[in-house]
Amino acid sequence: MPDGLAWIADAWRGTSPSATDLYITCARGLSPQQLAERMADHEPVEFGPALTVQDAHRMVDLTQIYCVGRIGQSGDWSFIVECVGSEGWALDPATSRGAEVLIFDPQPDNPPSFSRYFADGELQLHFELGFGYHPAGAQPDLLRPALEAAGVIPPEDDLLGADEELAPAEEKRQVLKVIGEHFGLSLPREVIESGQLPAVVTRTSPPSSW
């Protein structure tokens, strides 16, 4: 059975690995290597051996290496999971030119966590996770029908709102589940948390979002 995306909400709440090692960026229309090259703050981008999340975390020294990612492929989607930090909040929309990019940023030091969807160089959708649906971007209602159908948010014409609101943690799980189903994206939890994936340094200077 596919892992989907709901597990990300549970992992962000856990301690092994911590949320600071689960900054996730996915792309459809780019290879994992192309995605990493577009995200990196330096050239040339070199790809190293497969590492566990713990090994990747230990590479970060906050003097010459600020973020380390591990890359992989799941169906039509490439993904990179970064340790310690990411450019998530400030990622240039141009990263998605000719492709689609989804960001899942835990924001452990500055909640709430959020998701962003870029396509063809433009921000299509941005919204916080677990605090209702207050979207921004060129397609703010992109996920509204699916979220309403799943019972995550009340219909817009329901002035009274849902009879029972979901707890933030459960809402986050359900929203991530809907995102995965809408975009046909499922990420392998065991591989990401416990397995080895090829590593790449994505930041040699602090992210601008720090």
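Student: Where is the place of Ala94?

Tutor: This is a predicted model, in which local features need pLDDT of at least 70 and side-chain atom pairs count only at pLDDT 80 or more, while totals for chains, interfaces and linings use all residues. Residues are numbered from 1 along each chain as its sequence is written, and side-chain values use heavy atoms, with hydrogens and water left out. Helices (H or I, at least four residues) and strands (E, at least two) are DSSP runs, numbered from the N terminus. Ala94 sits in the loop between β4 and β5.

Student: Is Ala94 buried, partly exposed or exposed?

Tutor: Buried means under 20% relative accessible area, exposed over 50%, and partly exposed in between (1.4 Å probe, protein chains only). With a relative accessible area of 29%, Ala94 is partly exposed.

Student: How many salt bridges does the structure hold?

Tutor: Side chains of opposite charge can pair when their charged atoms come close. The cut-off for a salt bridge is a side-chain nitrogen of Lys or Arg within 4 Å of a carboxyl oxygen of Asp or Glu. There are nine in this structure. One of them joins Asp41 to Arg203, with the closest N and O atoms 3.7 Å apart. This pair links distant parts of the chain, 162 residues apart: Asp41 is in the loop between α2 (32-39) and β2 (47-51), and Arg203 is in strand β8 (residues 197-203).

Student: Are Asp41 and Arg203 buried or partly exposed?

Tutor: Asp41 is partly exposed, at 26% relative accessible area, whereas Arg203 is buried, at 9%. Arg203 also meets the side chain of Glu87 in a salt bridge, at 3.3 Å from N to O. Here too the link is between distant parts of the chain, with Glu87 in the loop between β4 (77-83) and β5 (100-105), 116 residues from Arg203. Both Glu87 and Arg203 are buried.

Student: Which helix holds Glu193 and Arg189?

Tutor: Both lie in helix α6 (residues 189-194), four residues apart, about one turn of the helix. Glu193 forms a salt bridge with Arg189, and the closest N and O atoms are 3.0 Å apart. Glu193 is buried, with a relative accessible area of 13%, and Arg189 is partly exposed, with 28%. Elsewhere, a network of salt bridges links Asp10, Glu170 and Arg173.

Student: How many disulfides does a search of the whole structure find?

Tutor: A disulfide is a pair of cysteine sulfur atoms within 2.5 Å. The search finds zero. For Cys26, the nearest cysteine sulfur is that of Cys83, 15 Å away. Cys26 is buried, with a relative accessible area of 0%. For Cys83, the nearest cysteine sulfur belongs to Cys67, at 9.1 Å. Cys83 counts as buried at 1% relative accessibility.

Student: Which backbone oxygen does the side chain of Ser115 reach?

Tutor: A polar contact is a pair of N or O atoms within 3.5 Å; within protein, one must be able to donate a hydrogen and the other to accept it, and residues adjacent in sequence count only if both atoms are side-chain atoms. The Ser115 side chain reaches the backbone oxygen of Ile103 at 3.2 Å. Ser115 is in strand β6 (residues 114-119) and is buried, with a relative accessible area of 2%. Beyond its neighbours within four places in sequence, the residues in contact with Ser115 include Leu102, Phe104, Leu125 and Ile179.

How values were computed
Contact means heavy atoms within 4.5 Å.
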